[in-house]
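This report describes the chains of one model and the contact between them. The sequence and the structure are shown first, and the description follows.

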Amino acid sequence: MRNSYLWLAQLVTGVLIAITLGIHMVWMHLDTILNFLGVELSDPTSWISMIQRSKEVIWVVLYTMLLSFVLYHALYGLRNIIVELTPSSRVKRITTWSIIILGIVAFAWGSCVPLLLLSR
Amino acid sequence: MKKEESRQIVFKVQRYNPETDSRPHIDKFVVPVTHGMTVLDGLLYIKENLDSTLSFRTSCRMAICGSCGMLINNYPHLACHTQIQELHASTLTIRPLPNLPLIKDLIVDLTPLFEKHRSIKPYIMRRDTSEMDNPTAEFSQSPEELERFLQFTYCIKCGICVSACPTSATDKLFLNPQALAQCYRYCADTRDDGEQERFQMLDTENGIWHCHLAGACSDACPKGVDPAFAIQLLKRRLVARIAKVSTVTEPAPVVPPPTQCKPKLPFPEFTVKRDPNAREG
């Protein structure tokens with residue numbers, strides 16, 4: 001049932017991306033509507049606001065989760081497209097490991113900055 | 001009696017003889033077409049009057065056997081089920097079904113189709129092997145339970161869904177829409193208990209998760225079967241099972257033999273009265 005679990009994770013990460021990206025979009029780009037609803041934000045896309053958020057654990061966790069969901073969802077989808085184009089098991093194996101390494105490197109690269117900022 | 005009017009239609013037919021040709025080519029034939037003629041009628045006219053070497057597979061002429069699937073004007077059809085007039089074209093291009101190995105002219109090798117069909121174990125599987133080996137009675141099934149998978153039993157294994165499927169075009173190992181729809185047909189059958197065993201076949205690199213839900217199989221099926229729908233229902237069963245939310249039910253029990261039978265209707269009287277005393281010969 002390995003493929004089914006991997007595919008189920010693809011579906012679940014799709015839903016989680018919609019939620020976490022939705023929070024990001026609302027907070028960053030719909031601040032006018034939030035103001036109307038009583039949530040006061042002062043220019044959330046400014047540099048100072050971003051640095052301020054990077055010191056809050058909840059935002060760092062949210063963005064790290066969003067990064068991991070997007071990486072899994074996109075890279076597993078990309079792997080499936082490539083694997084479908086070839087019957088060669090060797091090419092499939094190389095593709096899978098390349099995608100895994102790419103995912104780990106991208107996650108480490110993307111998550112190290114907010115984690116370092118948080119630890120300062 | 002007024003003679004029926006006919007018009008000339010050009011049949012561009014792909015020809016390929018593996019013994020003499022290095023690659024396929026197109027031959028043109030002019031066929032007089034009358035009202036009601038099917039593409040298969042046109043091909044039979046060519047074979048009987050113009051070129052007896054033309055090869056194609058046909059049998060029932062009424063969309064039951066699934067032999068005459070072919071690519072007619074770049075869309076897979078059953079030749080016997082396609083009226084020439086409904087195509088509204090003065091030229092017909094007829095090629096063999098794609099995504100299957102070519103044997104000769106319009107004949108493709110359906111072995112991969114049947115092998116994949118066989119791989120999903122298209123028969124009732126149960127744990128009570130003694131009942132399966134020596135059946136004592138029927139397994140119970142209500143009309144509502146039959147309705148859940150009835151449309152998928154209409155598959156005639158013509159290979160048209162496979163030739164329409166974009167995933168089968170790129171991935172030769174893909175367990176095709178025909179096999180997946182038949183897998184659902186047996187998993188949804190209340191008499192069956194082989195779902196777990198069949199799911200091992202689906203859960204592979206080239207299994208059910210490679211269906212992109214293009215829906216081309218359902219659009220092309222000449223029997224109105226909806227393989228794309230079956231695949232989605234099968235995915236739901238598979239996800240429910242791995243998420244452990246599926247309601248596992250026991251397979252349908254054996255129906256006890258009826259204790260009361262309707263009396264047989266009396267045999268009708270012979271219309272020609274025979275003398276019981278008369279001796280034959």
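## Helix and sheet in chain B

Which strands of chain B does helix α1 (residues 39-50) of chain B lie across? In this predicted model, the helix α1(B) lies across β1, β2, β3 (69-72) and β5 of chain B. Its direction is at about 105 degrees to that of β2(B).

The strands of chain B form an open sheet of five, in the order β2-β1-β5-β3-β4, and the pairing is mixed. At the edges are β2 and β4 (75-78) of chain B, each of which pairs on one side only. On average, and with direction ignored, neighbouring strands of this sheet are turned by 35 degrees against each other.

## Pairing of strand β1 of chain B

Strands of a sheet pair through backbone hydrogen bonds, and the arrangement is either parallel or antiparallel. Strand β1 (residues 6-15) of chain B runs antiparallel to strand β2 (residues 25-34) of chain B, and 10 bridges join the two. One of the residues concerned is B:V10, whose bridge partner in β2(B) is B:V30.

How do β1(B) and strand β5 (residues 91-95) of chain B run, parallel or antiparallel? These strands run parallel, with four bridges between them. In β5(B), B:T93 is the bridge partner of B:K12, and B:I94 is the bridge partner of B:V13. In a regular strand, side chains alternate between the two faces of the sheet.

## The position of B:N99

B:N99 is placed in the loop between β5 and β6 (102-104) of chain B. Is B:N99 buried or exposed? B:N99 counts as buried because it has 23 C-beta neighbours inside 10 Å, and the cut-off for a buried residue is 20 or more.

Leaving aside neighbours within four places in sequence, the contacts of B:N99 are B:V162, B:S163, B:C165, B:S168 and B:A169. By contrast, B:A137 stands 38 residues from B:N99 in sequence, and the C-alpha atoms of B:N99 and B:A137 are 43 Å apart in space.

## The form of chain A

Of the 120 residues in chain A, buried residues make up 6%. Among contacts in chain A between residues at least 6 apart in sequence, 69% join residues at least 24 apart.

## The contact between the chains

How many residues of chain A are in contact with chain B? There are 12, and they are in contact with 15 residues of chain B. On the chain A side, the elements that give two or more residues are α1 (2-29) and α4 (57-84) of chain A. The largest share, six residues, comes from α1(A). By class, the side of chain A that touches chain B has seven nonpolar, two polar and three charged residues.

Definitions and conventions
Residues are numbered from 1 along each chain as its sequence is written. Chains are lettered from A and ligands numbered from 1 in the order in which they are written. This is a predicted model: local features need pLDDT of at least 70, side-chain atom pairs count only at pLDDT 80 or more; totals for chains, interfaces and linings use all residues. Two strands pair if DSSP finds at least two bridges between them. A residue is buried if 20 or more other C-beta atoms lie within 10 Å of its own, exposed if 12 or fewer, and partly exposed in between; C-beta atoms are placed from the backbone. Two residues are in contact if their C-beta atoms, placed from the backbone, lie within 7 Å. Ala, Val, Leu, Ile, Met, Phe, Trp, Tyr, Cys and Pro count as nonpolar, Asp, Glu, Lys and Arg as charged, and the others, Gly among them, as polar. Axes are lines fitted to C-alpha atoms, for helices over the stretch in contact, and angles run from 0 to 180 degrees between N-to-C directions.
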